[in-house]
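Open the model in a viewer and keep the sequence panel beside it. The stops below say what to select and what is there.

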Amino acid sequence: TLDRSSAASDVYKRQVESAAATLVGSKYRNAGQVCVSPTRFLIQESIYDDFVDRFVEKASALKVANGLDDGTQMGPLVNEKRVQAVDELIADAVRDGAELSLGGERIGNKGSFYKPSVLRNVDRTMRIMNEEPFGPVALMTPFAKVDEVIEEANRLPFGLASYAFTRSARTVETPVSYTHLRAHETKANL
């Protein structure tokens, strides 16, 4: 656990800020339509609110536009069918108790542009946690212990990539650790 007093507080804020910035870039690259795009974000309870707040702040600042326009950070979904699929998955999750913190709707009525979206407090029973949304929606879930992360990450029969952000090499190397993830590729950022 990070001590949030005095100088340690500055380190804590920079770590959360850095992780949020990196993951927003990874999540919304190509509007989340990348096979290794992170979708299910499992966040330690002690930093959950701070991380999600920073993530939402950074995602809300993304410029969504035609990829040929200067400064565009996220383009459209591939087609109208994908817009409808993402809409349906988000609506279903909200109906089942997830909190929509950002987005959740298309932009305008021309093209397949969709707002970067963030759902908080998503649980494993929700359809969106069991189907690949393949779009600009990040699913935020808190965890208490690393073994919960491993169990959740391995619960589904598919997974091309997994990512771990931690400040502890020991956490990555422990017997119940990120080395037990069943994914084609696992990256750890220390």
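How many bridges join strand E3 to strand E4? Select residues 117-120 for E3 and 137-143 for E4: three bridges join these strands, which run parallel. One partner pair is Ser 117 with Val 137 in E4. Helices (H or I, at least four residues) and strands (E, at least two) are DSSP runs, numbered from the N terminus.

This is a predicted model, in which local features need pLDDT of at least 70, side-chain atom pairs count only at pLDDT 80 or more, and totals for chains, interfaces and linings use all residues. Residues are numbered from 1 along each chain as its sequence is written, and side-chain values use heavy atoms, with hydrogens and water left out.

Next, show the whole sheet. This open sheet has four strands in the order E1-E4-E3-E2, with mixed pairing; two strands pair if DSSP finds at least two bridges between them. Strands E1 (40-44) and E2 (99-102) are at the edges, each pairing on one side only.

Last, select helix H2, residues 48-60. Which of its residues are buried? They are Tyr 48, Phe 51, Val 52, Phe 55, Val 56 and Ala 59, where buried means under 20% relative accessible area (1.4 Å probe, protein chains only). Seen down the axis of H2, these buried residues fall within an arc of 130 degrees, so they line one face of the helix. The arc is that of the directions from the helix axis to the C-beta atoms.

Methods: Buried < 20%, exposed > 50% of the residue type's maximum accessible area, 1.4 Å probe, protein only.
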